[in-house]
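Here is a short briefing to read with the model open beside you.

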Amino acid sequence: MRKAFAPLAVVTGLLFAIAPFVIANAPYEQTMLLIQKIFYFHVPSWVAMYCGLIVAAIASILYLFKGSKAADRYAVSAAELIVVFGLNGLISGPLWARKAWGVWWQWDVKLTSALLLWLMFVAYLLVRKYGGPGSEKLAAVVAIFGAAVSPFVYVSVNIWRTMHPKTSVVPDIIKNPTTGFAGPLLLSMLAFVLLFCLLLMLRVRLAERQDALDELYLAYED
Amino acid sequence: MFVRTAILVLKKDLAIEVKTLEIVMTTLFFAVACVLVFSFAFVREGQAPPDAAPAILWIAVAFSGTLALGRTFERERYSETLRALLLAPAPRPALYVGKLLGMIVLLALDELVLVPLIAFLFGAPMFARPLFLLLFLAAGTLAFAAVGTLFAAMLIRSRTRDVLLPILLYPITVPVIICGVRGTAALLSSPVDEPTATMWLAILIAMDVVFVTLSLWTFEPLMSE
């Protein structure tokens, strides 16, 4: 894992370096023109967040049932990244919505369910920070419930209200490479997913160091 | 063994509660206070907006339920009885089911007062489909209490449990509240919108299944130190 870090960092850096040029050269969307470009930032943020959700849920299950400390380090790192990338999406979304819909916020299914999911992981971090001893297990259950409830959030809010561009916008774009949107979008997504992997590795490494330090302190006191 | 343990835990909780009625009385009046506060917030020129009644009903249930959850487990913590329960040679999930049933009984008592009160205050036709309403209340209460009992039980060791419980509980139970409010609103509309109500009820029951299964599955590793 550690050997992969440096090459991965170089590739991610390159992708982020060329992305602005690729996005600038991408064709303008017919109705939204320039503001559509935020799409190359907004969608990848959510893709990275959902990567985090998968990692956090699997790591939490492993931690709760197998007691693996390493899994717990992955879970907390992924949860922090969910909050970071989610915030990215939650900020870039309204910026676009103000121009496209004329309002900052709409109680639409994707906005609402993303906000709730984000809140659950903020709660996860709060539990870990303020929950006192033993809060890691508690937080693991929160992550498992968060992942399990997200389809229900989606379905119930979907029936309740809906307005966001359909998710099928993204598959449609990727299926029709001739429109010129697919390349930049895929490139941005790849860049964000790689960035997510990099940050996850860094954060897990930090957690490993912290745990090792805690153990040393305990050993010293004994 | 499983059913017997669960019923014993339930009987224990009810026996303690019947002596003082502390949790029933306090949460009930808290729920009534909630209804009043929301009424003052919503009612304009003597009229409540059309969907206010179901919204207030479910908010009152969720808020007073949070309070009841905190109080029930505070009692266990105060006398260190949860440790004793966990030490008992009984299946852990049975303890969870016992506490969950106790919570459902408390919330059912709450709702027994809340529903007629809201029907009375807002002129809402709450009893147009009594069986349907009962199913909604049962399914919604089960979903809310299933998550709540699990979280309250695990927060018992935490110093900040009072504030962490709602922080954890509300984002996760939002779909329950949506299903409850929209479904009850469909029942209150005239004529009664049965297909919509059935659809919300189906989602609610699916959530019940997921929440109860997950809770039974995670209770054991969660409560073992």
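## Loops, helices and packing

L21(B) sits in the loop between α1 (2-20) and α2 (22-42) of chain B, where helices (H or I, at least four residues) and strands (E, at least two) are DSSP runs, numbered from the N terminus. This is a predicted model, in which local features need pLDDT of at least 70, side-chain atom pairs count only at pLDDT 80 or more, and totals for chains, interfaces and linings use all residues. Residues are numbered from 1 along each chain as its sequence is written, while chains are lettered from A and ligands numbered from 1 in the order in which they are written.

**Positive phi in chain B**

- Phi of L21(B) is near 55 degrees, a positive value in a residue other than glycine.
- L21(B) counts as exposed because it has 11 C-beta neighbours inside 10 Å; a residue is exposed if 12 or fewer other C-beta atoms lie within 10 Å of its own, buried if 20 or more do, and partly exposed in between, with C-beta atoms placed from the backbone.
- E80(B) is not a glycine either, yet its phi is positive at about 55 degrees.
- The loop between α3 and α4 (81-87) of chain B holds E80(B), and this residue follows α3(B).
- With 8 C-beta neighbours inside 10 Å, E80(B) counts as exposed.
- G123(B), which follows α5(B), has a positive phi near 60 degrees.

**Helix lengths in chain B**

- The 27 residues of α3(B) should span 39 Å at 1.5 Å a residue, and the end C-alpha atoms are 39 Å apart, which agrees; the expected span of a helix is 1.5 Å times one less than its number of residues.
- Helix α5 (residues 92-122) of chain B has 31 residues and reaches 44 Å from first C-alpha to last, close to the 45 Å expected.

**How α3 and α7 of chain B pack**

- Helix α3 (residues 52-78) of chain B packs on α7(B) at an angle of about 150 degrees, and their axes are 9 Å apart; axes are lines fitted to C-alpha atoms, for helices over the stretch in contact, and angles run from 0 to 180 degrees between N-to-C directions.
- α3(B) and α7(B) are therefore roughly antiparallel to each other; angles under 35 degrees count as roughly parallel, over 145 as roughly antiparallel, 65 to 115 as roughly perpendicular and the rest as oblique.
- Their crossing is right-handed, a term used if the near helix is turned clockwise from the far one by less than a right angle, with anticlockwise giving left-handed.
- Among the residues that meet here are W58(B) and L69(B) in α3(B), and L165(B) and I177(B) in α7(B); two residues are in contact if their C-beta atoms, placed from the backbone, lie within 7 Å.
- The residues of this contact divide into 14 nonpolar, five polar and one charged; Ala, Val, Leu, Ile, Met, Phe, Trp, Tyr, Cys and Pro count as nonpolar, Asp, Glu, Lys and Arg as charged, and the others, Gly among them, as polar.

**Chain A overall**

- Chain A has seven helices and zero strands, in the pattern α-α-α-α-α-α-α along the sequence.
- Of the 222 residues in chain A, 36% are buried.
- Among contacts in chain A between residues at least 6 apart in sequence, 77% join residues at least 24 apart.

**How α2 and α7 of chain A pack**

- Helix α2 (residues 39-66) of chain A and helix α7 (residues 182-221) of chain A pack at an angle of about 40 degrees, with axes 8 Å apart.
- α2(A) and α7(A) are therefore oblique to each other, and α2(A) passes α7(A) in a right-handed crossing.
- The contact includes F41(A) and V47(A) of α2(A), along with M189(A) and F192(A) of α7(A).
- Its residues divide into 17 nonpolar, three polar and no charged.
- V47(A), in helix α2 of chain A, counts as buried because it has 20 C-beta neighbours inside 10 Å.
- Leaving out residues up to four places away in sequence, V47(A) touches M189(A), F192(A) and V193(A).
- V47(A) and F192(A) are 145 residues apart in sequence and 7.9 Å apart in space, C-alpha to C-alpha.

**Where the chains meet**

- In chain B, 25 residues are in contact with 28 residues of chain A.
- α6 (130-155), α7 (161-188) and α8 (194-223) of chain B are the elements that give two or more residues to the side touching chain A.
- α7(B) gives the most to that side, with 10 residues.
- The residues on this side of chain B divide into 19 nonpolar, three polar and three charged.
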